[in-house]
Amino acid sequence: MPEANGTVPDEWRERVLGASREGVGLRLRGAGSKDFYGEALTGELLDLRSFRGIVDYEPSELVITARCGTPLSEVEAVLAAQGQFLAFEPPAFSADPTLGGVIAVGLSGPRRMFAGAARDFVLGTRLLTAQGEVLRFGGQVMKNVAGFDVSRLLCGSLGILGVITEVSLKVLPRPRLEETLRLELPAAEAVAAFNRWAALPLPLSGAAWAQGSAWVRLSGAPAAVRAARQQIGGDPVATPLAESFWSALRHYQHTFFSAAGLWRLSLPSATPPLALPGEPLIDWGGALRWYADPPREFDVREVAGAAQGTALRWRGAAPEGRFHPLPAINARLHRRLKERFDPRGIFNPGRLIPGL
């Protein structure tokens with residue numbers, strides 16, 4: 001059962017209780033770095049940046065707990081001083097997002113397929129509910145045996161279930177050695193190679209393809225990295241260039257992301273090239289593929305669905321919604337969760353699913 005505990009600013013409780021009484025929507029906002037992401041931005045603004053600070057951090061336990069308004073840069077600086085990091089590589093989008101926003105959106109960087117997604121690192125959360133209560137889910141431990149894992153459920157919920165006021169995250173030590181290799185390969189050969197290498201005990205931490213080149217990042221013990229480098233081949237990439245490349249992917253600063261219209265496709269990693277025009281940008285070892293706006297005659301969602309994947313309209317007009325349509329049973333589950341956590345529908349109305 002969740003534990004009712006914790007404090008939040010009195011103003012927040014009053015705003016939430018007032019909104020519940022009056023049926024007024026609240027737009028939860030941290031740094032606003034991801035305002036473009038998701039559906040409608042509606043409701044009265046509730047700025048969450050003032051509730052900030054690291055609550056607890058014990059490097060030997062590999063866990064950090066911080067309030068929702070804490071800037072990502074502050075969390076990462078504290079971890080870096082101890083040789084640790086957030087292995088899911090949350091994007092910053094040329095800004096400084098809050099930790100609450102990072103978890104509410106749930107996006108992960110190039111290391112996602114090899115280290116895990118954002119939700120895999122969430123150990124516990126505190127949530128301000130529509131009833132003005134602060135509920136605690138999970139904790140500062142690796143194991144969660146409390147039943148339904150609400151903490152992970154909140155990751156990627158875009159704030160529609162309540163205000164994430166505090167987060168406990170698992171952190172990892174920085175790899176002892178990190179190297180990047182570049183190979184000149186067609187996209188199809190690169191994807192096949194990524195999947196072949198991923199099935200081997202190699203210290204992969206990134207595998208991407210762009211503009212005719214496959215980029216492979218190796219992270220771990222020096223002996224393991226050197227052995228993998230010999231097995232994979234390719235050309236070593238100078239550290240500054242390698243860091244620039246992976247950072248550009250992580251923070252969506254690669255030139256590919258400057259296109260006026262973009263689609264983000266999540267697919268089984270071994271999926272062959274899709275019947276879409278133009279060269280994609282490929283990440284996550286083949287599981288994430290980006291396409292600049294194909295002509296209107298191409299139904300991107302139909303193509304993605306036929307490959308057992310989904311397509312998200314990242315940038316550009318989205319008259320049918322940004323997210324891939326949910327199967328009927330999933331849509332019903334989303335609606336039931338929303339009704340359970342937020343019966344008056346005050347938190348970020350329509351942000352994740354239109355009408356919800």
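1. H3 (99–105) gives the largest share of the lining of the largest cavity, four residues. Strand S2 (26–29) and strand S9 (163–170) each supply at least two residues of that lining. Helices (H or I, at least four residues) and strands (E, at least two) are DSSP runs, numbered from the N terminus. This is a predicted model, in which local features need pLDDT of at least 70 and side-chain atom pairs count only at pLDDT 80 or more, while totals for chains, interfaces and linings use all residues. Residues are numbered from 1 along each chain as its sequence is written, and side-chain values use heavy atoms, with hydrogens and water left out.

2. The largest cavity has a volume of about 300 Å³. A cavity is a set of points, on a 1 Å grid over the protein atoms alone, where a 1.4 Å probe fits but cannot get out; a pocket is an open set with protein on both sides within 12 Å along at least five of seven lines, and lining residues have an atom within 4 Å of a point. Grid points are joined across faces, edges and corners, and a volume is the space filled by probe spheres set on the points. Of the 23 lining residues, Leu28, Arg29, Gly30, Gly101 and Ala104 are the closest to the centre of the largest cavity. By class the lining has 10 nonpolar, nine polar and four charged residues (Ala, Val, Leu, Ile, Met, Phe, Trp, Tyr, Cys and Pro count as nonpolar, Asp, Glu, Lys and Arg as charged, and the others, Gly among them, as polar).

3. The second largest cavity has a volume of about 50 Å³. Its lining draws at least three residues from each of domain 1 (10–173 + 332–341) and domain 2 (177–315), with bounds from an automatic or database domain assignment. Tyr252, Phe257 and Trp290 are among the lining residues.

4. What is the volume of the largest pocket? It comes to about 1300 Å³. Both domain 1 and domain 2 give residues to the lining of the largest pocket, so it lies between them. H10 (328–341) gives the most to this lining, with four residues. The lining residues of the largest pocket divide into 23 nonpolar, 10 polar and six charged.

5. Trp215 and Phe245 have ring centres 3.9 Å apart and planes at 5°, so the pair is stacked. Rings of Phe, Tyr and Trp (its six-membered ring) pair if their centres lie within 6.5 Å; planes under 30 degrees apart count as stacked, over 60 as edge-to-face and the rest as tilted. Trp215 lies in strand S13 and Phe245 in helix H8, so the pair ties together parts that are 30 residues apart in sequence. Trp215 is buried at 7% relative accessibility (buried means under 20% relative accessible area, exposed over 50%, partly exposed in between, with a 1.4 Å probe and protein chains only).

6. Trp290 and Trp314 have ring centres 5.0 Å apart and planes at 90°, so this pair is edge-to-face. Trp290 is buried at 2%, and Trp314 is buried at 4%. Both belong to an aromatic cluster that also includes Phe36, Tyr37 and Phe323.

7. Two charges are worth a look. The charged end of Lys170 sits over the ring of Phe121, 5.0 Å from its centre. Arg217 lies over the face of Trp246, at 4.7 Å from the ring centre. A charge sits over a ring if NZ of Lys or CZ of Arg is within 6 Å of the ring centre and within 35 degrees of the ring normal.
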